[in-house]
Amino acid sequence: MLIAGFPAGAWGTNCYLVAPAAGEECVIIDPGHEAAPGVEEALKKHRLKPVAVVLTHGHIDHVASVVPVCGAHDVPAWIHPEDRYMLSDPEKALGRSIGMQLMGDLTVGEPDDLHELTDGAKLDLAGLEFGVAHAPGHTKGSVTFRMPESDDIPSVFFSGDLLFAGSIGRTDLPGGDHAEILDSLARVCLPLDDSTVVLSGHGPQTTIGRERATNPYLRDVAAGLGAADRAAPRRGM
């Protein structure tokens, strides 16, 4: 399996291209602010053909390049219905337009072919399987994508802004809810094997085992402690 990832834009949002191997079809995850040039570079470098864009949530730093990327390659996109409105009205999702001044000119709106994600869905795209889990807390429509273990390759978990290396997503923007994100951590993350590779929306790669042992939020949730009293971090948008 090939996973090409790079941070893009003012918020360093991770965009990923996932394919069975170089020279094959691929899925693009979270083409955000200023991600289009990086997408094109990765497609050329690895000789990939995109077949779909999938989105972990609707914040502009994760979706700003959806329309141009989908349009350039005539591919569909998937988003959870509770975050769909953010594609056309990103400022509504940011309250006082946090960070919008850094974004410059944006192409907002929906791509021509847009599908809605549901909890528990299995997406078969580019010869790969992505398991969808609804994981609200950062936004109402946040989701994660998990690829099952195969051969000697561990399971891969695209956590969006639910789980980071050493932290979790912020919950102080419209639609955020700290109790909900803790529930999502317990329901979606804790059952995963320690070997599961976590590729998040911001920051470095980690594993569930490492986060179970060192992430204060995941440790508190696992222990049933008062994680709700811990202040939410402010990574990403």
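## Overall make-up

The protein chain contains 7 helices and 14 strands. The model is a predicted one. Of the 237 residues in the protein chain, 54% are buried.

Among contacts in the protein chain with a separation of 6 or more, 63% are between residues 24 or more positions apart. The chain exposes about 9,900 Å², and carbon and sulfur atoms supply 47% of that area.

## The largest nonpolar core

The largest nonpolar core has 29 residues, and the members that touch the most others are Leu17, Ile28 and Val53. At least two residues of this core come from each of strand S1 (2-8), strand S2 (13-19), strand S3 (25-29), helix H1 (36-46), helix H2 (60-63), helix H3 (66-73) and strand S5 (77-79). S1 gives the largest share, 4 residues.

Valine 53 can be followed in more detail. Apart from neighbours within four places in sequence, valine 53 is in contact with Ile28, Pro31, Val66, Val69, Cys70, Val75, Pro76, Ala77 and Trp78.

## A second core

There is also a second, separate core, made of 21 residues. Ala52, Trp78, Leu128 and Phe130 are among them.

Met1, Ile3 and Ile153 make a nonpolar surface patch of about 210 Å². Methionine 1 is located in the segment before S1. Its relative accessible area is 39%, so methionine 1 counts as partly exposed.

Technical notes. Residues are numbered from 1 along each chain as its sequence is written. This is a predicted model: local features need pLDDT of at least 70, side-chain atom pairs count only at pLDDT 80 or more; totals for chains, interfaces and linings use all residues. Side-chain values use heavy atoms; hydrogens and water are left out. A nonpolar core is a set of buried Ala, Val, Leu, Ile, Met, Phe, Trp, Tyr and Cys residues joined through side-chain atoms within 4.5 Å. Buried means under 20% relative accessible area, exposed over 50%, partly exposed in between (1.4 Å probe, protein chains only). Contact means heavy atoms within 4.5 Å. Patches are made of residues with over 30% relative accessible area and no salt bridge: like charges are joined within 9 Å, nonpolar side chains (Val, Leu, Ile, Met, Phe, Trp, Tyr) within 5 Å. Accessible areas come from the Shrake-Rupley method with a 1.4 Å probe; for residues, only the protein chains shown count as cover. A salt bridge is a side-chain nitrogen of Lys or Arg within 4 Å of a carboxyl oxygen of Asp or Glu.
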